[in-house]
Amino acid sequence: MKTSLHTVRLDLAEPLRISRSTMSARDAVQLSLEHEGLTGHGEAVSSVYYRLDAAALARHFTAIGADLDRYPDPETALEALRTGELAGDGTPPAVTAAVEAALLDLVGKRAGKPVHRLLGTENTPVAATARTIGITSPSRAAAQARALAASGFQVLKVKAGATDPEEDVERVRVVRDAAPRARLLLDPNGAWTAVQAGSLLPRFAALGVEAVEQPLAPGDPEGLAALAERSPLPVVADEDAVDLEDVRRLAGRVHGVNVKLAKCGGVYAALRIAEAIDGSGTRLMLGCLVASTLGIAPAVHLADRARWADLDGHLLLAHDPWTGIGGADGLVRASGSPGLGVAPWDGAPRDGAPRDGAPRDGAPRDGAPRDGAL
C-alpha cells in the first residue's frame with residue numbers, strides 16, 4: 001500500500017469557548033492509503049488536551065506506514081489492527097482510529113460496500129446530532145439557538161463552566177426559551193466541584209436539560225459515580241471514560257459514556273465499549289472532536305447504535321474540505337456509497353449543506369489529497 005499524508009488547517013467559523021480553553025482552529029493530518037488503484041482516507045486532529053500536535057501525529061503515521069508494508073492487502077492490515085498486531089501500545093488512540101478509518105474506507109471500496117455494512121448494519125444510519133453552543137453571552141446563545149432550531153436541529157448542547165455559575169444557568173434558560181422544543185444537553189467539561197454540581201443540577205433539571213456530561217473534574221470516577229446516583233438528571237462520563245477499562249469500571253454506575261473514536265482508538269474499540277455496557281443501564285453517546293467531515297464520518301456509520309449523537313465537529317468549521325455526511329439540517333447521515341462515503345469538496349453544495357467558500361488548503365480533487373509520501 002502506498003501511504004501519504006496531507007496536513008490542513010481547520011479554522012472554526014467562530015471561536016469556541018469551553019470551561020478550560022477557547023479554540024479558533026486546529027490542524028488535521030489526513031492519511032491516504034492507495035492499493036491497486038483505490039484510495040482510502042482517514043484523519044486525526046491536533047489536540048492540546050491530548051498533547052498531540054501535527055508533527056507528533058505525522059511521526060506516528062510515518063511509523064505505522066512503515067509497518068503497513070508487511071501486509072499484502074488492506075483486509076489483512078485491518079484485521080491486524082483490530083487484533084492489536086498493528087499499532088503498538090505507544091500509538092495514540094487518535095492515530096489508531098485514523099489508520100483504521102483509512103483501512104475501512106479502502107476495504108469498503110474494494111468490497112463495494114459502505115462501512116456500516118462491513119460492521120453488520122444493513123440500514124443506512126441517520127441520527128439527530130447535537131449542535132454545540134459555547135460559553136458566550138446570553139443574547140448570542142439565544143440567537144444561535146433560535147437559528148439552529150429554525151434550521152432543523154432537535155438537540156442542542158450548551159457548554160458550561162463559566163467563572164460565575166449563574167452565567168451558565170442564564171445561558172441555558174435563554175436557550176430553552178429560544179428553542180422550546182429542542183432537547184438540551186449540558187457540558188461543563190469537568191468544571192464543577194461536587195458541591196457545585198449538587199446545587200446546580202436540580203436547577204438545570206428544572207430547565208429541562210436532558211443530560212449532563214462530565215460535571216466533575218476527571219480523575220475521580222468514584223466521585224462521578226456517586227454524583228450520578230443522586231443526580232436529578234442523567235450523568236454522562238466523558239473525560240473519565242477514555243477506554244474500555246474506564247468504561248467497565250463505570251458501567252451501571254453512570255447513565256451514559258461519551259465515546260469519541262479519537263479517544264478510544266476507533267470503530268472497533270467503540271463497538272467493544274458498546275458491548276461492555278449493553279444491559280448495564282449505561283447508554284452510549286457518540287461524540288467527536290472538531291474535525292472535518294472525513295474525521296467525523298467513521299462515527300456516523302455507528303450513529304444508529306447510540307442514545308445520543310454529538311457529531312457536529314465539521315459543522316463548526318468555516319470551510320470543511322470534505323463532504324458526504326450532511327448535518328446542516330440537524331441530521332447526520334452515513335452514505336450508501338462504498339467505504340466512508342466521503343469525498344473532497346469541489347465547491348458545489350452537497351448533502352443539503354450550503355457552503356460559503358472554497359477549502360483553503362488547495363487539495364487536489366482526485367479523491368486523494370496529499371503533500372508528501374511516507
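In which strand does Lys-260 lie? Lys-260 belongs to strand β10, which comprises residues 256-260, where strands (E, at least two residues) and helices (H or I, at least four) are DSSP runs numbered from the N terminus. The structure is a predicted model, in which local features need pLDDT of at least 70 and side-chain atom pairs count only at pLDDT 80 or more, whereas totals for chains, interfaces and linings use all residues. Residues are numbered from 1 along each chain as its sequence is written, and side-chain values use heavy atoms, with hydrogens and water left out.

With a relative accessible area of 10%, Lys-260 is buried, a term that denotes under 20% relative accessible area, as against over 50% for exposed and the range in between for partly exposed (1.4 Å probe, protein chains only). When residues up to four places away in sequence are not counted, Lys-260 touches Asp-238, Gly-287, Cys-288 and Leu-289, contact being defined by heavy atoms within 4.5 Å. Strand β10 also holds Val-257, which is buried with a relative accessible area of 1%. The contacts of Val-257, again without residues up to four places away in sequence, include Val-236, Ala-237, Ile-273, Ile-277 and Met-285. From Val-257 to Ser-337 there are 80 residues in sequence and 30 Å in space, C-alpha to C-alpha.

Val-257 is also listed, with Phe-61, Leu-156, Leu-186, Trp-192, Phe-204 and Leu-311, among the residues that touch the most other members of the largest nonpolar core, which has 114 residues; such a core is a set of buried Ala, Val, Leu, Ile, Met, Phe, Trp, Tyr and Cys residues joined through side-chain atoms within 4.5 Å. The element that gives the most to this core is helix α3 (residues 93-111), with 11 residues. Phe-204, leaving aside its neighbours within four places in sequence, is in contact with residues including Leu-186, Trp-192 and Leu-233.

Helix α3 has 19 residues and reaches 26 Å from its first C-alpha to its last, close to the 27 Å expected at 1.5 Å a residue, the expected span being 1.5 Å times one less than the number of residues. Because 15 of its 19 residues are buried, α3 is largely enclosed by the rest of the structure. The residue that follows α3 is Gly-112, with a positive phi near 70°.

Helix α5 (residues 138-151) has 14 residues and should span 20 Å, in agreement with the 20 Å that separate its end C-alpha atoms. Its buried residues are Ala-141, Ala-142, Gln-144, Ala-145 and Leu-148. They cover an arc of only 165° around the axis, which puts them on the same side of α5, the arc being taken from the directions from the helix axis to the C-beta atoms. Ser-139 and Ala-150 are exposed on the other side of α5, while the buried residues of the helix pack against β1 (2-17), β5 (130-133), β6 (155-159) and α6 (165-178). Gly-152, which follows α5, has a positive phi near 115°.

The structure holds 25 salt bridges, each being a side-chain nitrogen of Lys or Arg within 4 Å of a carboxyl oxygen of Asp or Glu. One of these joins Asp-310 to Lys-157 (2.5 Å, N to O). This pair links distant parts of the chain, 153 residues apart, with Asp-310 in the loop between β12 (308-309) and β13 (322-323) and Lys-157 in strand β6.

Asp-238 lies in the loop between β9 (235-237) and α9 (244-250) and Lys-263 in helix α10 (residues 261-264), so the pair ties together parts 25 residues apart in sequence. Asp-238 is buried at 3% relative accessibility, and Lys-263 is likewise buried at 3%. Asp-177 and Arg-173 meet in a further salt bridge (3.0 Å, N to O); being 4 residues apart in helix α6, they are separated by about one helical turn. Arg-173 is partly exposed, at 34% relative accessibility.
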